[in-house]
Amino acid sequence: MSSFWDSRYQQQVTPWESGQLPAGFATLVPTLLPRVHSVLLPGCGSGYEVAYLQRQGLQVAAIDFSAEAVARARQQLGPLAPLVRQADFFSDEVDGSWDWVYERAFLCALPPSRWPAYAEKMAQLVKPGGYLAGYFFLRPTLKGPPFGAALAQLQALLQPWFTLYQQTPVTGSLPVFAPDEYWLCWQRSDAHLTTVI
């Protein structure tokens with residue numbers, strides 16, 4: 001429920017937020033350029049990555065379920081505020097065909113029961129040959145958020161549509177994720193291109 005996330009922002013309990021770009025972001029993102037021209041940021045939080053990605057010449061759109069997160073992101077982005085909107089990732093209003101969907105503390109915010117729907121939605125949004133890439137929390141957890149997963153779990157979840165081709169450990173992660181945060185880059189395969197409901 002969005003009220004849970006709204007209250008976390010209102011109470012300043014946001015251990016997934018660093019107030020700046022994530023560790024290694026400016027080094028890792030260029031590995032995808034110039035193969036991508038558009039990027040979607042679901043669960044964008046305060047949206048610190050939005051301005052950086054826009055400066056790289058990308059078409060950028062960012063969404064969050066939480067009205068509080070969207071308000072914070074818009075405030076810190078100033079003239080780029082229109083790039084952020086409130087939306088439910090799983091709804092029909094989130095659509096399009098993206099070169100890249102960026103993952104950052106979004107999957108681990110979802111209970112594992114929602115992960116199959118996440119994988120199917122990502123398969124809808126990422127163009128064939130495009131990428132699901134970003135930061136993944138590779139520590140299985142019994143409770144959350146954050147809900148961590150083993151790499152084998154993610155592979156089982158995503159491999160009907162995606163192939164993992166880059167795995168880079170992240171140094172300087174926030175305490176809630178360290179030392180088990182990895183930059184993973186999954187490429188959307190050309191197979192299984194039937195419409196996903």
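## Burial and the cysteines

Buried means under 20% relative accessible area, exposed means over 50%, and partly exposed falls in between, using a 1.4 Å probe and protein chains only. By that rule Cys185 is buried, because its relative accessible area is 0%. Cys108 also counts as buried, because its relative accessibility is 9%. A disulfide needs a pair of cysteine sulfur atoms within 2.5 Å. A search of the whole structure finds zero disulfides.

This is a predicted model, in which local features need pLDDT of at least 70, side-chain atom pairs count only at pLDDT 80 or more, and totals for chains, interfaces and linings use all residues. Residues are numbered from 1 along each chain as its sequence is written, and side-chain values use heavy atoms, with hydrogens and water left out.

## Overall fold

The protein has six helices and seven strands. Both are DSSP runs numbered from the N terminus: helices are H or I with at least four residues, strands are E with at least two. Along the sequence the pattern reads α-α-β-α-β-α-β-β-α-β-α-β-β.

Of the 197 residues in the protein, 49% are buried. A contact means heavy atoms within 4.5 Å. Take the contacts with a separation of 6 or more: 69% of them join residues 24 or more positions apart.

In soluble globular proteins, nonpolar side chains tend to be buried together. A nonpolar core is defined here as a set of buried Ala, Val, Leu, Ile, Met, Phe, Trp, Tyr and Cys residues joined through side-chain atoms within 4.5 Å. The largest one has 30 residues, and Tyr118, Leu132, Phe136 and Phe162 have the most contacts inside it. Six elements each supply at least two residues of this core: β2 (59-64), β4 (98-104), α5 (115-125), β5 (126-137), α6 (151-158) and β7 (181-188). Helix α5 gives the most, with six residues.

Tyr118 touches Phe89, Phe90, Glu103, Phe106, Leu107, Leu110, Leu132 and Phe136, leaving out residues up to four places away in sequence. There is also a second, separate core of 27 residues. Its members include Phe25, Ala51, Tyr102 and Trp183.

Phe25 lies in helix α2, residues 25-28. Phe25 counts as buried because its relative accessibility is 1%. Beyond its neighbours within four places in sequence, Phe25 is in contact with Pro30, Glu49, Tyr52, Leu53, Tyr102 and Tyr135. The C-alpha atoms of Phe25 and Gly134 are separated by 8.9 Å, although these residues are 109 residues apart along the chain.

In helix α3 (residues 48-55), Glu49, Val50, Ala51, Tyr52 and Leu53 are buried. The cover over the buried residues of α3 includes α2, β1 (38-42), β2, α4 (67-77) and β4. Gly57 follows α3 and has a positive phi, near 90°.

## The cavity

Rolling a probe the size of a water molecule over the atoms shows where empty space is left. On a 1 Å grid over the protein atoms alone, a cavity is a set of points where a 1.4 Å probe fits but cannot get out; lining residues have an atom within 4 Å of a point. Grid points are joined across faces, edges and corners, and a volume is the space filled by probe spheres set on the points. The structure holds one cavity of 30 Å³ or more. The largest cavity has about 100 Å³ of space.

Of the 14 residues that line the largest cavity, Glu103, Cys108, Tyr135, Phe136 and Phe137 are the closest to its centre. β4 and β5 each supply at least two lining residues. β5 gives the most, with three. The lining has eleven nonpolar, no polar and three charged residues. Ala, Val, Leu, Ile, Met, Phe, Trp, Tyr, Cys and Pro count as nonpolar, Asp, Glu, Lys and Arg as charged, and the others, Gly among them, as polar.

## Backbone exceptions

Most residues other than glycine have a negative phi, and most peptide bonds are trans. Ala105 has a positive phi, near 55°. Ala105 is in the loop between β4 and α5, and counts as buried because its relative accessibility is 18%.

The peptide bond from Pro145 to Pro146 is cis, with omega near 0°. Pro146 is found in the loop between β5 and α6. Another cis peptide bond joins Ala178 and Pro179, with omega about 0°. Pro179 lies in the loop between β6 (162-169) and β7.

Terms used
On a 1 Å grid over the protein atoms alone, a cavity is a set of points where a 1.4 Å probe fits but cannot get out, and a pocket is an open set with protein on both sides within 12 Å along at least five of seven lines; lining residues have an atom within 4 Å of a point.
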